[in-house]
Amino acid sequence: MMTPRSQSEAANHGVAEPVWKKGSHLPELDGLRGFAILIVTLYRFGKEFPVETTAGKLIGLLLSQGDRGVELFFVLSGFLITGILIDAKNRPHYFRNFIARRSLRIFPLYFCSLLLIVVGAELLPELHEMFATPLGNQFYLWTYLVNVKMSIENEWCFGYLDHFWSLAVEEHFYFVWPLVVLCIRSTYLLRVAVGLAILSALSRIAFVLITHHGIAADVFTIFRIDALLVGSVIASLARSQRGLEPLRKWLPITLAGCATIIVSGLVLKKGLFTIPLSVWPTIWGCILVWLLTANRSDALARLFNSAALRSLGKYSYAMYVFQNPLIPMMSAVLSVAALTSSVGNPVVGHLLYIALMSSVTYMAAIVSWNLLERHFLKLKKYFPSHPAV
């Protein structure tokens with residue numbers, strides 16, 4: 001692995017350093033994750049953006065697409081997790097190390113957040129009122145079955161914790177996929193991932209045709225793992241003999257086709273039988289391949305290697321967990337109505353709200369990292385995913 005000094009020397013001598021290196025930490029992927037949480041956060045706090053003016057309509061349309069950052073999280077998770085599993089497949093303690101490392105990353109923040117809400121609701125009536133809906137469905141929160149409950153009830157039934165459905169989908173993937181990778185020969189894993197991704201998308205479309213688009217199409221694990229499997233396909237291809245380079249020439253035409261479908265859906269204001277739910281992961285997959293096949297000096301790599309995006313990526317998990325609950329908890333001191341009244345313009349007032357709430361979320365995530373998350377992550381050294389050098 002090149003040290004920062006050797007990287008600098010390589011750059012000075014005009015040596016192109018590729019982004020993709022098997023088994024190496026890629027800071028550009030931290031930046032890509034940071035971009036995902038950025039657009040999701042802007043979407044979360046800009047849901048009710050005023051669209052009475054032309055500027056408002058344009059900004060509102062852009063913000064509304066930020067929800068698709070969830071698919072980018074899925075693609076990245078599929079890529080990283082599948083890569084870890086493939087590389088660790090023939091090493092001791094395959095399951096133990098993977099499960100321990102995932103648990104140390106995910107469980108402390110998730111369960112501590114739930115515990116704080118439950119305890120806080122018992123002590124503060126105001127907090128109990130804010131989270132009355134999810135508190136009435138606690139079993140599904142503690143067991144990562146939020147999306148299953150939503151699918152059965154056919155409604156968003158967890159209030160300010162509705163966004164936990166995506167955490168449930170990822171957790172289900174982490175539970176099953178390691179067994180699949182272990183049991184399937186590496187030469188066949190790519191075909192299995194492609195086949196399952198297609199099956200997931202087709203089953204979702206069939207479900208929509210039968211039920212006229214129930215909530216399950218948006219949140220149920222079987223219908224949403226196609227995005228995770230897109231990442232798995234890329235991880236498998238990256239470790240194949242030919243690598244990802246042959247895909248690069250197909251990226252422009254694929255992105256153009258995907259953009260046509262997305263724009264058509266927006267113009268027609270149609271869901272297109274949930275086809276965009278598979279198109280967006282394809283778009284993110286293309287960007288991921290483009291990034292992995294780039295050199296560190298390329299504009300795309302430099303963008304995602306920026307300090308700002310990498311910092312957002314570092315705190316992205318806590319930001320995602322906190323952003324929705326912070327809306328009611330901050331409402332007494334920070335609201336769109338109050339800011340609009342102060343500045344006298346609804347568009348400016350809402351933009352201020354988005355900026356301030358995003359800042360509060362970021363700061364809360366930093367506190368969470370330093371007080372909780374990083375201390376558990378130190379324990380990962382006892383469960384190495386790679387052999388000691």
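Visitor: How do the residues of the lining of the largest pocket divide into nonpolar, polar and charged?

Guide: In this predicted model, the lining divides into 24 nonpolar, 11 polar and 13 charged residues.

Visitor: What volume does the largest pocket have, and which residues are closest to its centre?

Guide: The volume is about 1500 Å³. Of the 48 lining residues, Arg33, Leu80, Ile84, Arg102 and Lys380 are the closest to the centre. Helices H2, H4, H5, H10, H17, H18 and H20 each give two or more residues to this lining. H4 gives the most, with 13 residues.

Visitor: Why is Ser316 called buried?

Guide: Ser316 has a relative accessible area of 4%. Buried means under 20%, so Ser316 at 4% is buried.

Visitor: What makes Arg33 a contact of Ser316?

Guide: A contact requires heavy atoms within 4.5 Å. Ser316 touches Arg33, Ile37 and Phe73, leaving aside residues up to four places away in sequence. Ser316 itself lies in helix H18, residues 316–329.

Visitor: Which helices supply at least two residues of the lining of the second largest pocket?

Guide: They are H2, H4, H14, H15, H18 and H20. The second largest pocket holds about 960 Å³ of space. Of its 35 lining residues, the closest to the centre are Tyr43, Lys47, Ser64, Asp67 and Arg68.

Key
Residues numbered from 1 in each chain as written. Predicted model: local features only at pLDDT ≥ 70, side-chain atom pairs only at ≥ 80, totals over all residues. Heavy atoms only, no water. Helix = DSSP H or I, 4+ residues; strand = E, 2+ residues; numbered from the N terminus. Buried < 20%, exposed > 50% of the residue type's maximum accessible area, 1.4 Å probe, protein only. 1 Å grid on protein atoms, 1.4 Å probe; cavity = no way out; pocket = protein on both sides within 12 Å on 5 of 7 lines; lining within 4 Å. Points joined across faces, edges and corners; volume = space filled by probe spheres on them. Nonpolar A, V, L, I, M, F, W, Y, C, P; charged D, E, K, R; others polar.
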